[in-house]
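Please examine the sequence and the three-dimensional structure shown below.

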Amino acid sequence: MKPMQENENEIEMDANHRVYELGYLLVPTISEENLPATFGNLKELISSLGGVAIYDEMPKMIPLAYSMVKVVSNVRNKFNTAYFGWTKFTMDSDKITELKKKLDLDPNFIRFLILKTVKENTIATKRFPRGEIHRKPRTEKSGSNETAVPINKEEIDKEIDALVIN
């Protein structure tokens, strides 16, 4: 994650400016050399509409969970991989529909999603499961009817040897 502004006071926010996050999938037919240019064009589009980038990440090639279809010039293109990228920015809420229309017309985008979010870092950290299913079983203390049987190591060794030989 790369911060775009050194000083957060530089971002002017009025009543209509909100923080958005754009997640997108780019077609895998873009060459590695042209990927920075496509990424730069997206950032220029956001700034041309009055948006100010906060954070972003260069798109990376990923396998898709299922095939996606994009129709370009009346031709159906099916993709199993795509470049995934995201950017977080502030923009006037009236300009978001215009941004959406321009991204819909761009043949490089398979899909995209624009979300309202907050300026702070919202990357999820790994959480450990909680609940009854993942707890260790309780052992009953006093009052148990079962008695502990001493372990005979020689018998266990003989059984292991018998299993290994067979």
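On the surface, Glu154, Glu155, Asp157, Glu159 and Asp161 gather in a patch of negative charge. In this predicted model, local features need pLDDT of at least 70 and side-chain atom pairs count only at pLDDT 80 or more, while totals for chains, interfaces and linings use all residues. Residues are numbered from 1 along each chain as its sequence is written, and side-chain values use heavy atoms, with hydrogens and water left out. Patches consist of residues with over 30% relative accessible area and no salt bridge, like charges being joined within 9 Å and nonpolar side chains (Val, Leu, Ile, Met, Phe, Trp, Tyr) within 5 Å. Asp and Glu count as negative, Lys and Arg as positive, and His and the chain ends are not counted.

Aspartate 157 belongs to helix H3, residues 153-165. At 45% relative accessibility, this aspartate counts as partly exposed; buried means under 20% relative accessible area, exposed over 50%, and partly exposed in between (1.4 Å probe, protein chains only). Valine 164 is also found in helix H3, and with a relative accessible area of 65% valine 164 is exposed. Together with Ile151, Ile156 and Ile160, Val164 makes a nonpolar surface patch of about 410 Å².

The protein chain contains 3 helices and 5 strands, where helices (H or I, at least four residues) and strands (E, at least two) are DSSP runs numbered from the N terminus. Along the sequence, their pattern is β-β-α-β-β-α-β-α.

What lies in the interior? In soluble globular proteins, nonpolar side chains tend to be buried together. Here the largest nonpolar core has 25 residues, of which Phe89, Met91 and Leu99 touch the most other members. Such a core is a set of buried Ala, Val, Leu, Ile, Met, Phe, Trp, Tyr and Cys residues joined through side-chain atoms within 4.5 Å. Among the elements that each supply at least two residues of this core are strand S2 (17-26), helix H1 (35-48) and strand S5 (109-116).

Charged side chains also pair. The count comes to 4 salt bridges, each a side-chain nitrogen of Lys or Arg within 4 Å of a carboxyl oxygen of Asp or Glu. In one of them, aspartate 56 pairs with lysine 43, the closest N and O atoms being 3.5 Å apart. Because aspartate 56 lies in strand S3 and lysine 43 in helix H1, the pair ties together parts that are 13 residues apart in sequence. Aspartate 56 is buried, with a relative accessible area of 3%, whereas lysine 43 counts as partly exposed at 25% relative accessibility.

Terms used:
Accessible areas come from the Shrake-Rupley method with a 1.4 Å probe; for residues, only the protein chains shown count as cover. The place of a charge is taken as NZ of Lys, CZ of Arg, CG of Asp or CD of Glu.
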